Amino acid sequence: SFRKKVSSSRKHQLKSLMLSIAKGILEEEEREREEAKRRYIAETCPPVSMPRTMQELQDLCKEIHRKIDGIDEERYDLEMKVNKANKEVRDLNIKIVDLRGKFKRPRLKKVRMSADAMLKALLGSKHTVNMDLRANLKQVKKEVKEEDKQLRDVGDWRKNIEDKSDRKKMFDS
C-alpha cells in the first residue's frame, strides 16, 4: 500500500493540535470534578448553626457521630473491595506469567529425608513421633552350638597360627 510521508512541520502542527485538544479535555474534567466535589459537600455537610442550648449541642454531637459511623462503614466496604480487586489483579498477573511460559521454573531438587523429618514437616514440630526403630531394638546374642564352635576353631587360620606359636614357645623353653 502507498503511504504518504508526512513532513516534520505537518507532524509538529498535528502534535500541537492534539495536545491542545487533550489540554481542553483535561481542564473540562478537572472543572467537572471540582463541581461534583462542591455538590457533595453541600449535600452532606450543610452549614452548621451554632447550638444555643445544651440539648441542641448534644443533638449536634449525636448527628456528627452518626455520620462518622456511616463514613467508617463506607470506608471499610471500599477497602474490602479494593483488597479483593488487588488480589484478583495479582492472580491474573500470575496466570499471565504462567501462560507466557517465559520463565522456566527451577527443577525440584531431590531431597533425602528421614521418616522423622518427614513427619515433622507434615505434622509440625508439636507432633513429633520418634521413628528411630533401631534404638528400640534389644541386642540379641547368637547361640553357638558345640559342633559349629569346633568347626570354626579348626577353620579359623588366625586361631591356628596363635596355637602354633604357643606350642613353639613351649618347645623353646
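Modeller: Fine. Keep in mind that this is a predicted model. On the surface, Val6, Leu14, Leu17, Ile21 and Ile25 form a nonpolar patch.

Biologist: How much accessible area do Val6, Leu14, Leu17, Ile21 and Ile25 have together?

Modeller: About 420 Å² for the five residues of that patch.

Biologist: Take Ile21. Which helix is Ile21 in?

Modeller: Ile21 is in helix 1, which covers residues 8-44.

Biologist: And does Ile21 count as buried or exposed, or something in between?

Modeller: Ile21 counts as partly exposed, because its relative accessibility is 48% and the exposed class starts over 50%.

Biologist: How many residues line the largest pocket, and which lie nearest its centre?

Modeller: There are 16 lining residues. Nearest the centre of the pocket are Thr44, Pro46, Glu63, Ile64 and Lys67.

Biologist: Which helices supply at least two residues of that lining?

Modeller: Helix 1 and helix 2 each do, helix 2 being residues 54-100. Helix 2 gives the most to the lining, with seven residues.

Biologist: How does the lining divide into nonpolar, polar and charged?

Modeller: Eleven of the lining residues are nonpolar, two are polar and three are charged.

Biologist: Switching to charges. How many salt bridges does a search of the whole structure find?

Modeller: Seven. One of them joins the side chains of Glu30 and Arg33, at 2.7 Å from N to O.

Biologist: Where do Glu30 and Arg33 lie relative to each other?

Modeller: Both are in helix 1, three residues apart, which is about one turn of the helix. Glu30 is classed as partly exposed because its relative accessibility is 37%.

Biologist: What about Arg38 and Glu35?

Modeller: Their side chains also meet in a salt bridge, with an N to O distance of 2.8 Å. Arg38 and Glu35 are both in helix 1 as well, with a spacing of three residues, about one turn of the helix.

Biologist: Why is Arg38 called exposed?

Modeller: Because its relative accessible area is 52%, and exposed means over 50%. Glu35, with 35%, is partly exposed.

Biologist: Now helix 2. What is the N to O distance between the side chains of Asp72 and Arg75?

Modeller: The distance is 4.0 Å, and the two side chains meet in a salt bridge. The cut-off for a salt bridge is within 4 Å.

Biologist: Why are Asp72 and Arg75 separated by about one helical turn?

Modeller: Because they are three residues apart in helix 2. Asp72 is partly exposed, with a relative accessible area of 36%. Arg75 is also partly exposed, with 49%.

Biologist: Which residues are linked with Asp72 in a network of salt bridges?

Modeller: Arg75 and Glu79 are linked with Asp72 in that network.

Biologist: Let's zoom out. How many helices and strands does the chain have?

Modeller: Six helices and zero strands. Read along the sequence, the pattern is α-α-α-α-α-α.

Biologist: And what share of the residues in the chain is buried?

Modeller: Buried residues make up 0% of the 173 residues, where buried means under 20% relative accessible area.

Technical notes
Residues are numbered from 1 along each chain as its sequence is written. This is a predicted model: local features need pLDDT of at least 70, side-chain atom pairs count only at pLDDT 80 or more; totals for chains, interfaces and linings use all residues. Side-chain values use heavy atoms; hydrogens and water are left out. Patches are made of residues with over 30% relative accessible area and no salt bridge: like charges are joined within 9 Å, nonpolar side chains (Val, Leu, Ile, Met, Phe, Trp, Tyr) within 5 Å. Accessible areas come from the Shrake-Rupley method with a 1.4 Å probe; for residues, only the protein chains shown count as cover. Helices (H or I, at least four residues) and strands (E, at least two) are DSSP runs, numbered from the N terminus. Buried means under 20% relative accessible area, exposed over 50%, partly exposed in between (1.4 Å probe, protein chains only). On a 1 Å grid over the protein atoms alone, a cavity is a set of points where a 1.4 Å probe fits but cannot get out, and a pocket is an open set with protein on both sides within 12 Å along at least five of seven lines; lining residues have an atom within 4 Å of a point. Ala, Val, Leu, Ile, Met, Phe, Trp, Tyr, Cys and Pro count as nonpolar, Asp, Glu, Lys and Arg as charged, and the others, Gly among them, as polar.
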